[in-house]
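Please look over the notes that follow with the structure open beside them.

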Amino acid sequence: MPAEKDKMSQLDEETLQELFAWVDEIPLSRPKKTITRDFSDGVMVAEVVHHFVPRLVEIHNYTPANSTIQKQSNWGTLNRKVLSKLNYNVPESVVRGITNSKPGVAEVFLWKLKQKIEAYIEKKGAPGAKISPDGYLSGQEVGSGHQQPAYTEKPPLRSERIQAGRPPLKAQPGPKVPVVHQTSTSNLHKTRSLNKLNDMGTETRLILEEKEQALLASNETVQILQAKVRRLEHLLHLKDIRIEELTKRVEQMGGKY
């Protein structure tokens, strides 16, 4: 049993390379340095889930932290509001290992998180679909909330069902009087008019639903782009600092000579 437990707590080299490639494709707000420390406060974990399933995560709930108390607070929010929806309950011992930057713990957690995200998206999306590292599933961006399951079709409209072979209305038998035929014809016209109105209402409702879904998708795309912009701004800031340091060093060396 100890050998099996040790095997479960470690990842082989091939799995680690796949995990690193997966993480590297995800835009994060901070530069990736050491995986055991990068994810210790839970902020970048929230960003990973938000990248694939934006509607599950509210990024403002997570504050970058160095203190153990704030790290545990972030992880408590993650477990309660996000990971539980992915059917992933992280034990307290694992949280302590990640917050204390214990080697190997973050890697195993992220690998399981990757599997949970893929299972969640496959359940919500098309059966057998695979998620790509850049956040796309079957050609559509993940988490947009407007993916349709495969093999689904819109129910035919009432007018289409009539044209597809529905038997025509028959007049009730009665005396052959012209007035009776005129009344039946009038009722038939009224029925057809009501059917047309119903069909127009259904089509209008479908159009509104499509517009609403497109709006939600656009909002989520904006959020993803904003996160990417923040990351690029952070990288530019780091480069400016580095340039300033190098400039000062050059000036100091010039002063010596």
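1. Is S101 buried, partly exposed or exposed, going by its relative accessible area? The model is a predicted one. S101 has a relative accessible area of 22%. Buried would require a value under 20%, so S101 counts as partly exposed.

2. The backbone at S101 also deserves a look. S101 is not a glycine, yet its phi is positive, at about 55°. To find S101 in the model, go to the loop between α6 and α7.

3. A second residue with this kind of backbone angle is N87. Its phi is near 60°, again a positive value in a residue other than glycine. N87 sits in the loop between α5 and α6, the latter helix covering residues 92-99.

4. How exposed is N87? The relative accessible area of N87 is 59%. The cut-off for exposed is over 50%, and therefore N87 is classed as exposed.

5. R55, R80, K81, K85, K123 and K124 form a positive surface patch. Two helices, α5 (68-81) and α7 (105-124), each contribute at least two residues to the positive patch.

6. K81 belongs to helix α5. Its relative accessibility is 39%, which lies between the limits of 20% and 50%, so K81 is partly exposed.

How values were computed. Residues numbered from 1 in each chain as written. Predicted model: local features only at pLDDT ≥ 70, side-chain atom pairs only at ≥ 80, totals over all residues. Heavy atoms only, no water. Patch = residues over 30% accessible without salt bridge, like charges linked within 9 Å, V, L, I, M, F, W, Y side chains within 5 Å. Areas by Shrake-Rupley, 256 points an atom, 1.4 Å probe, with all protein chains shown as cover. Salt bridge = Lys/Arg side-chain N within 4 Å of Asp/Glu carboxyl O. Lys, Arg positive; Asp, Glu negative; His and termini not counted. Charge placed at Lys NZ, Arg CZ, Asp CG, Glu CD. Helix = DSSP H or I, 4+ residues; strand = E, 2+ residues; numbered from the N terminus. Buried < 20%, exposed > 50% of the residue type's maximum accessible area, 1.4 Å probe, protein only.
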